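The following note collects several points on the fold and surface of this entry. Please read it alongside the sequence and coordinates.

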Amino acid sequence: MDSPALELRGIDMHYGYVRALDTIDIEVRQGEVLGLLGDNGAGKSTLLKVMSGVHQPTAGEIRVHGTPATFASPADSTHAGIQMVYQDLALVDAQDISTNLNLGREILRKGPLGWLGFVDHKAQRRRSAAELEKLGVRTAAVTRPVEMLSGGQRQVVALARGATRVAGAERNGVLLLDEPTAALGYEQTQQVQALIRRLADQGVACILVTHNLPLAMAVCDRIAVLNRGRKVADVPVAETDNDQLVGWITGARPSMF
Amino acid sequence: MAVTIAPAARAAGAEKDKDPAVIRSLIFVRDRGIFVLWALLLIAFSIWASPYFASVDNAILIANAAAITAIFAAGVAVGIIGGALDLSIPGTAALAGCVCGWLITHGTPTWLSIVAALALGAVVGVINGLITLRGFNPIIVTIGTLSAMSGLAAVIVGGYTIPGLDSLTFMGTQRYLGVPAPVWIVAALFAAGTVFLTRTRDGIRMMAVGGNPEAVRRSGIHSNRYKVLGFVISGFCAALGGLVTTALVTEANPAASPGIIFNALTAVALAGVSLAGGRGSLPRVLVGALILGTISNALTLKGIQPYWATAVTGVLLLGSLALEKWVSTTVSRRLVLSAHASTHTGTR
Ligand SMILES: Nc1ncnc2c1ncn2[C@@H]1O[C@H](COP(=O)(O)OP(=O)(O)OP(=O)(O)O)[C@@H](O)[C@H]1O
Ligand SMILES: [Mg+2]
């Protein structure tokens with residue numbers, strides 16, 4: 001069996017005196033959705049920030065496809081094929097969907113106009129439409145400004161933006177999702193759920209932080225639970241149930257380890 | 001039409017994505033409403049101030065009268081679109097005019113003096129940008145440079161105006177094909193600016209930075225250089241406006257008139273450029289400046305006191321705000337409706 005897409009060993013993370021993460025071992029494989037559960041302040045966001053290079057761990061080791069890596073900044077983890085989808089601040093409201101999806105990897109026109117930095121809007125729209133279609137996502141027209149999208153549509157575009165950057169490459173990357181459905185209603189949550197599943201089926205490794213237990217049960221292959229910075233459970237979804245998970249989250253149930 | 005996650009097979013055979021007619025027409029009103037407003041004003045004034053208003057000569061008069069406002073409005077608009085309100089524009093304009101005048105009276109070729117003044121405007125922009133990047137509020141920073149630049153202008157000319165700059169009339173009162181030079185300059189400036197903002201990578205990124213610098217940064221783009229770029233362009237426009245002002249009266253004046261910024265801001269606000277940054281279009285700004293010129297022209301033709309023009313402009317501005325508010329609330333209401341009608345499939 002090949003090595004995990006992303007693997008963390010013995011990660012410690014201190015915020016001053018606060019020990020936010022305590023010797024965490026965690027891994028996610030290609031095509032797998034790993035759910036990350038835990039109460040408020042358990043360290044879920046901190047763990048994702050370590051994975052995406054926003055924070056540097058105090059101790060421990062990160063491996064990407066088996067190769068040791070150090071992330072000094074978000075740019076490093078992006079380069080290694082890891083994308084974080086943020087709840088907010090991810091999209092430029094006034095610009096349309098296509099421009100948002102192409103930001104930072106614009107297609108220039110051919111010939112002299114391209115040397116002058118002219119963008120090929122048509123080609124960009126075509127590529128965006130194709131990418132969205134490959135993800136099985138239908139949002140509004142790609143020329144629609146993001147500010148004219150509903151909350152669910154925005155979330156899908158933000159997700160798609162991360163997804164197109166991890167799924168397009170020769171090797172599938174890792175997508176980190178911090179509470180992607182927190183602001184969404186039932187219907188829209190279902191849509192995001194379907195998209196995550198579809199990405200995993202295409203071979204992307206996903207880590208999903210959520211407080212929504214039914215969502216985690218429905219979409220994840222495996223669930224890890226954090227409690228005050230320690231990992232207390234790591235089980236395939238098929239081998240656990242709601243009550244067990246709630247027990248680990250609240251601390252009523254003893255750690256698996 | 002809301003998000004639909006279709007099975008891949010169905011998505012593959014997708015029909016063309018089109019927004020519903022209502023949303024498209026609302027977007028049209030938001031993006032093109034000011035053109036309609038201007039057309040209505042033109043028609044109304046043609047009837048009301050007939051026969052003097054609707055003539056080629058009067059059109060040229062309006063365009064020429066709006067030219068200065070338009071140039072400064074372009075500077076203000078690009079600054080705001082790029083994320084910062086540049087209040088130093090009158091100071092930069094005065095400085096550019098005085099430096100150009102000083103150079104010409106000290107024997108520098110006219111073209112070189114003009115280039116130097118324009119470059120100086122860009123340099124003021126770089127200074128504004130670099131100071132702002134250190135975390136200071138752009139409004140305060142540019143108020144500071146406003147004073148510094150107009151003070152510097154006065155120092156250069158020794159506190160007096162520099163008259164007799166006749167070599168500048170080619171960009172002032174001179175006409176080409178019957179059209180005054182400032183109108184040509186405005187046309188070139190807005191054409192170039194519009195192409196830059198909507199068609200080039202740097203322009204698009206600059207707008208994106210104005211809208212949401214953090215999103216741009218997370219896309220792996222150095223957003224800081226685009227913040228500076230906005231100031232550089234507005235500094236350039238300020239210098240250009242200062243030069244045209246100087247050329248029109250063949251006299252360089254070190255006094256920085258704050259009225260410049262208010263006129264420009266009115267045109268910009270009328271054009272629906274949000275002060276929050278990241279949105280707006282130069283053609284609309286141009287029409288905004290033209291509307292101001294049109295109103296004062298028509299009222300003058302009818303012999304009405306000019307302060308009425310100011311009052312009418314203010315009312316128009318408030319009216320356009322109300323319209324924009326209505327459009328955005330209507331759009332979001334429609335979106336909520338269509339979101340409920342959405343379907344989903346393919347969930348495991
Ligand atoms: N920037 C910071 N400085 C100091 N302490 C922090 C910082 N960020 C988080 N912490 C602390 O680290 C611990 C873990 O926080 P984290 O945000 O990772 O929790 P979480 O599991 O994401 O919680 P939630 O479900 O509420 O988002 C908490 O005790 C928190 O107070
Ligand atoms: Mg969190």
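1. A residue is called buried when its relative accessible area is under 20%, and exposed when that area is over 50%. The model discussed here is predicted.

2. By the buried criterion, helix α1 of chain A, residues 44-51, is mostly covered, with six of its eight residues buried. These are Lys44(A), Thr46(A), Leu47(A), Leu48(A), Val50(A) and Met51(A). Just after α1(A), Gly53(A) adopts a positive phi of about 80 degrees.

3. For chain A as a whole, 58% of the 257 residues are buried. Its secondary structure consists of nine helices and 11 strands. The radius of gyration of chain A is 19 Å, close to the 18 Å given by the globule rule for 257 residues, so the chain is as compact as a globular protein of that length. Along the principal axes, the C-alpha atoms of chain A fill a box of roughly 65 × 40 × 40 Å.

4. Which residues form the positive surface patch? The patch is made up of Arg109(A), Lys110(A), Lys122(A), Arg125(A) and Arg126(A), together with Arg199(B). Helix α5 of chain A, residues 121-134, gives the most to this patch, contributing three residues.

5. Lys122(A) deserves a separate remark. This lysine lies in helix α5 of chain A and belongs to the positive patch. Is Lys122(A) buried or exposed? Its relative accessible area is 62%, and because exposed means over 50%, Lys122(A) counts as exposed.

Technical notes. Residues numbered from 1 in each chain as written. Chains lettered and ligands numbered in written order. Predicted model: local features only at pLDDT ≥ 70, side-chain atom pairs only at ≥ 80, totals over all residues. Heavy atoms only, no water. Patch = residues over 30% accessible without salt bridge, like charges linked within 9 Å, V, L, I, M, F, W, Y side chains within 5 Å. Areas by Shrake-Rupley, 256 points an atom, 1.4 Å probe, with all protein chains shown as cover. Salt bridge = Lys/Arg side-chain N within 4 Å of Asp/Glu carboxyl O. Lys, Arg positive; Asp, Glu negative; His and termini not counted. Charge placed at Lys NZ, Arg CZ, Asp CG, Glu CD. Helix = DSSP H or I, 4+ residues; strand = E, 2+ residues; numbered from the N terminus. Buried < 20%, exposed > 50% of the residue type's maximum accessible area, 1.4 Å probe, protein only. Rg over C-alpha atoms; globule rule 2.2 N^0.38 Å.
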